[in-house]
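Hi everyone, thanks for making time.

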Amino acid sequence: MADYDVIIIGAGPGGYVCAIRCAQLGLKTAVVEGRETLGGTCLNVGCIPSKALLHATHSLHEAQAHFAEMGLKGKSPSVDWKQMQAYKQNTVSQNTKGIEFLFKKNKVDWLKGWATLPEAGKVQVGEEIHNAKNIVIATGSKPATLPGVETDEKVIVTSTGALSLPKIPKSLVVIGAGVIGLELGSVYARLGADVTVIEYLDHITPGLDGELAKTLMRSLKKQGIKFVLGAAVQKAEALKTKAKLTYRLRKDDSEHQIDADVVLVATGRKPFTDGLGLEALGLKFTDRGQIATDDRWRTNIPGIYAIGDVIEGPMLAHKAEDEGMAVAEVIAGRAGHVNYAVIPGVIYTAPEVASVGKTEEELKAEGRAYKAGKFPFMGNARAKAMFAGEGFVKILADSETDRILGAHIIGPNAGEIIHEICVAMEFGAAAEDIALTCHAHPTVSEAVREAALACGDGAIHA
Ligand code: NAI
């Protein structure tokens, strides 16, 4: 038993970042984590392993599609799935060990086990009860379940199972055309699987700017991924070696069936608070099962805070990290701030997709007068040299003030080049500010400047 200034429950991106910042601010800090390794869903079975598989399979696709044209000849690579899995796991391990090192460096204690909160100010881990002046709940989320579809992580899988399939399936049906479905669908399509994505809505990636969603779907279709839109999944049954899935088309209520070696359920995630004993404590939840917090991440119980996927807002690692740093500052008596209007979202498909701020649909719904400056990557020399001329940058700016309201990119390095727009938005910049900033040539970032120029007198290369 020990006394702490702060005990954080959960060592995902929200929790571990919060812990490091708390320690840096001079608070005696511990993190409770029951997994064998630190890093939470993102590092162990989410963002990082999926990026390893996306990188490996994108490299394979590049070799197959472009090497010969670039004069790189020879046998095209074949896939050693076991080795690709080992590379993925090695990537994960390097990062989980990295957090352990950072904990030691910053003198953050790792309390190994699953926490319960017997009362405010106390955290129980196994037999031990620790006193904590402040408790931060950062327990993340788990896959949402779908009625009629039971996952077994073998034939009917969540993203966790999909990252570690024993072999590459010949056919994969994905339920849900959201971020997980499209990223993992891309991985297996590049590995030769016949991939069909079944989506309830009549478009993919809800919440994304409509023009981006359409362009992405067109591109994924060209890569061989099939889409069934407007389809409600009724049930999925795991047979011996296959799964059978039944869905109804919403437009005519007709029933259809589809077989696949593997079914991936990717219909969203929900807050994970099982076993903490929060109900008994009287902690308040929203009607969507999230822990209710105020604008300083305080719950209704003094001394208990919550951040990340367990509270409202986008379920994104970097949103949780920002909240982790901010709540540490609040606990240390500082201001602590997160600007929820400038949180980028990235889909790591090829082409990559990145978005920040308002979509055109949102601006229209608000009745806001805006202008859209758009620039296609086909006009960008660097992108063309990389066979990545597909897609565009779109900057949305206020018609009168020119202030940037949002930006939407589909194309090469979208997830990297979006950040200059994020910084610009944090400074309340106008599109002209980006247009007047010298951008190195030849870079794909020039497309961002061109889109900004298109908000004014016009892009040069379009
Ligand atoms: P999502 O919310 O992105 O997409 C779920 C999709 O499933 C939606 O299009 C929805 O309309 C559809 N759907 C729901 N019920 C359905 C049904 N019965 N039949 C057919 N379609 C149905 O959720 P996803 O992809 O599972 O991701 C979960 C969370 O993880 C998200 O919040 C996402 O932002 C986050 N994530 C973020 C990543 C990134 O930032 N690159 C990568 C992976 C996940």
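Let's begin with K319, which counts as buried because its relative accessibility is 1%, under the 20% cut-off. And its partner? K319 forms a salt bridge with E323, with 3.1 Å between the closest N and O atoms. E323 is buried too, at a relative accessible area of 0%. This is a predicted model, by the way, so please hear every number as computed from it. Both residues of this pair sit in helix α9, residues 317–331, four residues apart, or about one turn of the helix. You'll remember the general point: an α-helix has 3.6 residues a turn, so residues three or four places apart point the same way.

How many salt bridges does a search of the whole structure find? The count is 19. Let me pick out a few more for you.

D261 pairs with K242, the closest N and O atoms being 3.1 Å apart. This pair links distant parts of the chain, 19 residues apart: D261 is in the loop between β14 and β15, and K242 in the loop between β12 and β13. Are these two buried or exposed? D261 is buried, with a relative accessible area of 19%, while K242 is partly exposed at 32%.

Then there is K358 with E366, where the closest N and O atoms are 2.6 Å apart. Here K358 counts as partly exposed at 29% relative accessibility, and E366 counts as partly exposed at 41%. There is also a network of salt bridges, linking D209, E211, E360, K364, K374 and K394.

Now, the domains. The chain is divided into domain 1 (3–143 + 270–338), domain 2 (156–266) and domain 3 (342–454). The centres of domain 1 and domain 2, taken over C-alpha atoms, are 27 Å apart. In contact across that pair are 16 residues of domain 1 and 15 residues of domain 2. Together the two domains bury about 1,300 Å², with 67% of it on carbon and sulfur atoms.

Finally, helix α14, residues 446–454. Its buried residues are E446, A447, V448, E450, A451 and A452. What covers them includes β20, β21, β22, α12 and α13.

F387 lies in the loop between α11 and β21.

Definitions and conventions
Residues numbered from 1 in each chain as written. Predicted model: local features only at pLDDT ≥ 70, side-chain atom pairs only at ≥ 80, totals over all residues. Heavy atoms only, no water. Helix = DSSP H or I, 4+ residues; strand = E, 2+ residues; numbered from the N terminus. Buried < 20%, exposed > 50% of the residue type's maximum accessible area, 1.4 Å probe, protein only. Contact = heavy atoms within 4.5 Å. Domains from an automatic or database assignment. Buried area = accessible area lost by both parts, 1.4 Å probe. Salt bridge = Lys/Arg side-chain N within 4 Å of Asp/Glu carboxyl O.
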